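Let's take a walk through this one, going from strands to cores to the ligand site. Have the model open as you read.

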Amino acid sequence: MDLNSKIYVAGHRGLVGSAIVRNLQSKGYKNIICKTHKELDLTNQQAVREFFENERPEYVFLAAAKVGGINANNTYPADFIYINLMIQNNVIKAAHDFNVKKLLFLGSTCIYPKMAPQPIKEEYLLTGALEETNEAYAIAKISGLEMCKFFKRQYGDNFISCMPTNLYGPNDNFDLKSSHVLPALIRKFHEAKVNKNDTVEVWGTGTPLREFLYVDDMADACVFLMENYDGEQHVNIGTGEEVSIKELAETVKEVIGFEGELVFNTDMPDGTPRKLTTVEKLHGLGWNHKISLREGIELAYNWFLENYK
Ligand code: GDP
């Protein structure tokens, strides 16, 4: 990519897409195109083809997707499989037909087999049964990764893909029913501090281990892969470091300055005991994350204070 290349970021209003746009802008890329959902419905094949025909993007970051937490995935599986398949089919095929030079597709570490050995290597994809609660999402996303691989194999298209770990940061979902743990804890500790409560409820036992990556680091890795990686296999994007939910909650508590106690609600599920990726491949290519968990939580909390209504 050079600084004048025409780059389309699909999904630029989401957690991931907005971070990719920030990263590209910070590196001096000047010709970034974005379309809101209203302007371009990515599930509409005709509309997507017209867009590619008229705009002729040279590079595509495919960060548009229907996403959600465990509850949303479980309740709307038909929507999750249909919408994601449509978006990626339309964009990947149009990218092929209109000669996009390179495309990056984003998966998620939650689409690895439920019982994958830890830490999870790239080659563990499609080696076992999926987690039932997000099977529909996973099948769509796995199809997207495979499509990039097969378009590369059959046509020589430079379509690559990556697998980010649990992300957090600006434009996150802070709704307590549907969000992931990190934004939920930021909101809970903040509200407990403001309301001078004595306790904050943390779900589960606090023992599960998770890996977290600040979304601006993820975006930096995506742009790095676009600039430096042409392989057929997807690449994990993470830190390779894990923390327990209890340690995470204590760090959020400190950053926010809440003085009360944590209360673990063991009526709520723990989920999988451990979810860690290996990032040897990414490190081998020359990329490492820069933002520590504590720093990332400070940045995310500042964003929350300034932007969350
Ligand atoms: P997961 O990584 O797919 O399991 O998704 P989550 O980010 O929703 O949950 C991760 C872990 O954090 C689980 O063990 C949850 O029980 C725990 N957790 C603790 N407090 C909360 C909370 O307030 N919200 C959520 N979503 N998870 C919480």
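In which sense do strand β8 and β13 pair? They run parallel, with 2 bridges between β8 (residues 209–210) and β13. Bear in mind throughout that this is a predicted model.

β8 and β13 belong to an open sheet of 3 strands, ordered β11-β8-β13, with mixed pairing. The edges are β11 (243–244) and β13 (274–275), each of which pairs on one side only. Looking at individual residues, Arg210 has Lys275 in β13 as its bridge partner.

## Two nonpolar cores

The largest nonpolar core counts 39 residues, and Tyr8, Leu42, Phe52, Val91, Ile92 and Leu103 are the ones with the most contacts inside it. Several elements supply at least two residues each, including β1 (7–10), α4 (77–97) and β4 (102–106). The top contributor is α5, with 8 residues.

## Around the ligand

The ligand has 14 residues around it, and Val181, Lys188, Arg210, Pro269 and Asp270 are the closest. α6 (181–194) gives the largest share of this shell, 3 residues, while β7 (199–203) supplies at least two.

On the side-chain side, an N or O atom of His180 is 3.3 Å from a ligand oxygen, and a polar atom of Lys275 is 3.4 Å from one. Overall, the protein covers 87% of the 530 Å² of accessible area that the ligand has on its own.

How values were computed. Residues are numbered from 1 along each chain as its sequence is written. This is a predicted model: local features need pLDDT of at least 70, side-chain atom pairs count only at pLDDT 80 or more; totals for chains, interfaces and linings use all residues. Side-chain values use heavy atoms; hydrogens and water are left out. Two strands pair if DSSP finds at least two bridges between them. Helices (H or I, at least four residues) and strands (E, at least two) are DSSP runs, numbered from the N terminus. A nonpolar core is a set of buried Ala, Val, Leu, Ile, Met, Phe, Trp, Tyr and Cys residues joined through side-chain atoms within 4.5 Å. Buried means under 20% relative accessible area, exposed over 50%, partly exposed in between (1.4 Å probe, protein chains only). A residue is near a molecule or strand if one of its heavy atoms lies within 4 Å of it. A polar contact is a pair of N or O atoms within 3.5 Å; within protein, one must be able to donate a hydrogen and the other to accept it, and residues adjacent in sequence count only if both atoms are side-chain atoms. Accessible areas come from the Shrake-Rupley method with a 1.4 Å probe; for residues, only the protein chains shown count as cover.
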